[in-house]
Amino acid sequence: MKIIDRYIGASVIATAFFGVVVLSLVLVLGNLFKQLLDVLINNPDVPIATVLAFMALVLPFSLTFTIPWGFLTALLLVFGRISADNELVALKSNGVSIPRICIPVFMLAVLLSGVCFWINIEVAPRAEQQMTKTIVDIATNNPAALFRADQVVDQFPDRRVYVGAKEGDRLKNLIVFELNQNNEPIKMVYAREGVLTPDPANTRLLLRLFNARFEERDKHDPRELTKIRQGIEVNEGVFPISLEEFYKEYLSGRRLSSYTLPELINYLQRLTGEEELRATVELHKRFAASLACLAFALIAVPLGITAHRKETSVGFALSLVIAFTYFFFIIMADTFRDNAAAHPTILIWVPNVLFMTLGSFLFWRLSKK
């Protein structure tokens with residue numbers, strides 16, 4: 001029996017590892033473009049080490065999806081193959097039952113569920129905190145990395161900066177907008193050229209402008225163009241950009257996904273109303289999503305054996321349908337976290353209840369054959 005356990009376990013582990021690597025690579029690259037395209041990808045001033053560090057920080061978020069999905073794919077492929085090759089018939093003819101064959105599978109499912117739970121409550125939140133800190137460090141130590149040619153920089157809550165061109169640290173054809181609380185421009189600066197210098201001691205950036213012209217709108221009616229007041233023109237001047245609001249947005253405005261489990265529980269105790277519901281859904285999601293490997297194990301084994309196919313395309317297609325259905329409920333519950341009428345705390349457990357119930361029934365029926 002130890003030989004059989006090692007054979008089944010090794011086959012599942014090897015296939016799952018390959019699946020997790022491939023799926024993680026796809027999701028990491030997708031998240032990398034989503035998170036960093038405006039800051040890093042198209043900016044040659046950012047060191048490659050920063051990009052690689054960001055890839056490492058994005059990886060934990062991907063693993064919460066790719067570990068269950070890779071495990072699911074591995075089970076469908078392995079059990080589809082041993083069924084198609086009649087290895088399952090040989091094992092059963094020697095008195096080895098389906099439940100006994102699946103012992104290493106369920107042991108792996110429990111182990112991987114524990115790993116996913118650890119990632120959800122500790123690793124992924126800390127990775128998100130570090131990602132936020134990295135963005136702030138870029139703005140503080142290498143502010144030019146935030147600016148791209150022919151783009152509007154909107155990382156600063158009370159400023160918008162348009163850069164026409166960029167040559168190293170020098171910015172060309174600048175337009176700086178100062179916004180009011182309604183995001184309406186009240187002051188504007190036009191400059192032929194500018195150079196950014198960090199001033200961390202005063203929590204700001206110093207934008208040295210050359211050939212600049214200042215313009216101001218009426219504070220009470222900024223949309224009235226006839227009230228625009230033309231300011232002075234200077235050959236050289238320094239325009240300070242405060243980073244306090246930038247820090248406040250990135251460091252204080254934490255997303256719920258950046259809280260570790262103890263932090264989330266403590267934070268939840270201070271909330272009421274819609275904020276409490278959002279935090280409660282986040283808490284339930286950490287636990288519910290961690291059980292995906294167990295749910296997939298119950299349903300993948302009977303489906304893989306019943307499909308009786310060893311083609312990789314068939315197994316991957318089945319895994320795609322099952323994984324999409326499962327995570328669809330998780331995403332929908334997360335989407336309705338502000339809507340108490342949708343009962344998101346119940347909705348988020350639906351895929352586990354559905355898959356485990358259906359999987360248990362299919363597994364029981366298969367073991368009776």
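The side chain of Glu-128 makes a polar contact with the side chain of Ser-257, at 2.7 Å. A polar contact here is a pair of N or O atoms within 3.5 Å; within protein, one must be able to donate a hydrogen and the other to accept it, and residues adjacent in sequence count only if both atoms are side-chain atoms. This is a predicted model: local features need pLDDT of at least 70, side-chain atom pairs count only at pLDDT 80 or more, and totals for chains, interfaces and linings use all residues. Residues are numbered from 1 along each chain as its sequence is written, and side-chain values use heavy atoms, with hydrogens and water left out.

Glu-128 sits in helix H5, residues 103–141. Helices (H or I, at least four residues) and strands (E, at least two) are DSSP runs, numbered from the N terminus. Glu-128 is buried, with a relative accessible area of 5%. Buried means under 20% relative accessible area, exposed over 50%, and partly exposed in between (1.4 Å probe, protein chains only). Leaving aside neighbours within four places in sequence, Glu-128 is in contact with Phe-61, Arg-255, Ser-257 and Ser-258. Contact means heavy atoms within 4.5 Å.

Now to a helix pair. Helix H7 (residues 261–268) packs with helix H8 (residues 273–290) at an angle of about 150°, and their axes are 10 Å apart. Axes are lines fitted to C-alpha atoms, for helices over the stretch in contact, and angles run from 0 to 180 degrees between N-to-C directions. H7 and H8 are therefore roughly antiparallel to each other. Angles over 145 degrees count as roughly antiparallel, under 35 as roughly parallel, 65 to 115 as roughly perpendicular, and the rest as oblique.

From H7, Leu-261, Leu-264, Ile-265 and Leu-268 meet Glu-276, Ala-279, Thr-280, Glu-282, Leu-283, Arg-286 and Phe-287 of H8. By class, this contact of H7 with H8 has 7 nonpolar, 1 polar and 3 charged residues. Ala, Val, Leu, Ile, Met, Phe, Trp, Tyr, Cys and Pro count as nonpolar, Asp, Glu, Lys and Arg as charged, and the others, Gly among them, as polar.

Tyr-267 also belongs to helix H7. Tyr-267 is partly exposed, at 21% relative accessibility.

Two backbone positions remain. Asn-211 has a positive phi of about 55° although it is not a glycine. Asn-211 lies in strand E5, residues 204–216. His-343, in the loop between helix H10 (312–335) and helix H11 (344–347), has a phi near 50°.
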